[in-house]
Amino acid sequence: MAPSPDVARSGSKLRKVVAASLIGTTIEWYDYFLYGTAAALVFGKVFFPDSDPLTGTLLSFLTYAIGFAARPLGALVFGHFGDRIGRKRLLVLSLVLMGGATTLIGFLPTYRQIGVAAPLLLTALRLVQGFALGGEWGGAVLLVSEHGDSRRRGFWASWPQGGAPAGNLLAAGVLSVLTGVLSDEAFLSWGWRVPFLLSAVLVMVGLWIRLSVDESPLFRQALAAAKARESVEQPPLVAVLRNHWRDVLIAMGARMAENISYYVMTTFVLAYAVGHVHLPKQTALNAVLIASAIQFALIPVFGALSDRVGRKPVYLVGAVGVGVWAFVFFGLVDTKSFGAMVLAITIGLVFHSAMYAPQAAFFSELFATRMRYSGASIGAQFSSVAAGAPAPLIATALLKDYGSSTPIAVYVAIAAVVTVFAVLCARETRGSDLADAGRPAEAGTKPADAAVTA
């Protein structure tokens, strides 16, 4: 039997929202990962040329980490207004901020040209990037989650998560092409700027697509219900901390292994392979490129699996796997074999995908509609300050102090233990109705009022 016109239109609308979220997040992650890749390969020489190579890399990663400090602020601001006025407008703003900051990095003068002002300007633009990304993630995954149904939410909501490997793939791919066709002198002189300037074109494409999608229907219903009650609502942040503080802590803990392992295995590994193992930049970039392409294909697979067996089992497999694999990872890179390095990063990202794919649906299902943007964003982005932000910095410092990768593997394994504990403390959310999520506790409503609380 052919689907009804209403069902067909609903499916078409959902696919359009998924495509818009995926393309938008790909562009934003391209901008963000481009900075991380350049920090590992270029910025130490361009913005900190008077330091020894490893110290220059440390300083470069410090500016990289500073961007994470702005992500919680972005989560608070975007979450507040996203829960008050809607998801769509905030997603458009985040894309403009991210693309503008990235493009301006491509125009920055170097340390040799203006001295200490160069790294200061670089840091300021990195803060803008972090602020924008802090608001991007929550809005993108919620827009998809709230358009879809509970039966396949894990699958559909995992597609915006694919923006991370796709963005990394795009960033590493552009840099790989440039390092392959340019001499080291040309690349350090002007070639590194090209990928940053390219962001301006990508943002225009992303804006055109994002402006064409509709606001979340669940949010519109919740907003209408709130207006009908004619009651004064708590600010979303206050409501989250009052009613969902345990869920925020669970989300933060769940992010530890996912965030730390990803930045160690895709960003720090570039500096490790080039500076410690003495592999060519092209070899390291190509390994990340191949692994990211495989991860992009795997994310919807793990998202769909979480619809069948649950969010928690899939997430736990990824956390345990990445904690164990960290000890194998660096040994494979140390062989100096391109194939071994590809295998190391790919398997690491397979385990990462098992955590990252169900994360969008998992976090969305923890929070009520009128505080979901704030709750999911706060849980995800506040953990980034303790996890992803210092990960390359800590890994570089451990390598400098011990001259060995073993302490770095231990660091990843400890993060995995934290994540396993957090996920075990969570409730299984597969099959949840987002219209009902958080309903009994929200805003102190009485049972008689529950039918209109979203």
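Asp184 is partly exposed, because its relative accessibility is 46%, and the label covers anything between buried (under 20% relative accessible area) and exposed (over 50%), worked out with a 1.4 Å probe and protein chains only. This is a predicted model, where local features need pLDDT of at least 70, side-chain atom pairs count only at pLDDT 80 or more, and totals for chains, interfaces and linings use all residues. Residues are numbered from 1 along each chain as its sequence is written, and side-chain values use heavy atoms, with hydrogens and water left out.

So who does Asp184 pair up with? Its side chain meets that of Lys281 in a salt bridge, at 3.6 Å from N to O. A salt bridge here is a side-chain nitrogen of Lys or Arg within 4 Å of a carboxyl oxygen of Asp or Glu. Asp184 sits in helix H9 (residues 184-191) and Lys281 in helix H14 (residues 281-309), so the pair ties together parts that are 97 residues apart in sequence. Helices are DSSP runs (H or I, at least four residues), numbered from the N terminus. Lys281 counts as buried, because its relative accessibility is 17%.

How many salt bridges does a search of the whole structure find? The count is six. One of them joins the side chains of Asp247 and Arg427, at 3.2 Å from N to O. That pair links distant parts of the chain, with Asp247 in helix H13 (residues 245-276) and Arg427 in the segment after H19, 180 residues apart. Asp247 is buried, at 8% relative accessibility, while Arg427 is partly exposed, at 39%.

Arg311 and Glu365 form a salt bridge too, and their closest N and O atoms are 2.8 Å apart. Arg311 belongs to helix H15, and Glu365 to the loop between helix H16 (338-364) and helix H17 (369-386), so this pair ties together parts that are 54 residues apart in sequence. Both Arg311 and Glu365 are buried. They also belong to one network with Arg153 and Asp307, joined by salt bridges that share partners.

## Around Ser158

Arg153 turns up again beside Ser158, a residue of helix H7 (residues 153-161). Is Ser158 buried or exposed? Ser158 counts as buried, because its relative accessibility is 0%. Leaving aside residues up to four places away in sequence, Ser158 touches Arg153, Ile299, Pro300, Gly303 and Ala357; contact means heavy atoms within 4.5 Å.

## Where H2 crosses H6

Helix H2 (residues 53-69) and helix H6 (residues 117-147) have axes that come within 7 Å and cross at roughly 40 degrees. Axes are lines fitted to C-alpha atoms, for helices over the stretch in contact, and angles run from 0 to 180 degrees between N-to-C directions. The crossing of H2 and H6 is right-handed, meaning the near helix is turned clockwise from the far one by less than a right angle.

Which residues meet there? From H2 come Thr63, Tyr64, Ile66, Gly67 and Phe68, and from H6 come Leu122, Thr123, Arg126, Leu127 and Gly130.

Helix H15 (311-334) and helix H19 (406-425) are the elements that give two or more residues to the patch, and H19 gives the most, with three. Val418 lies in H19 and is partly exposed, with a relative accessible area of 37%.
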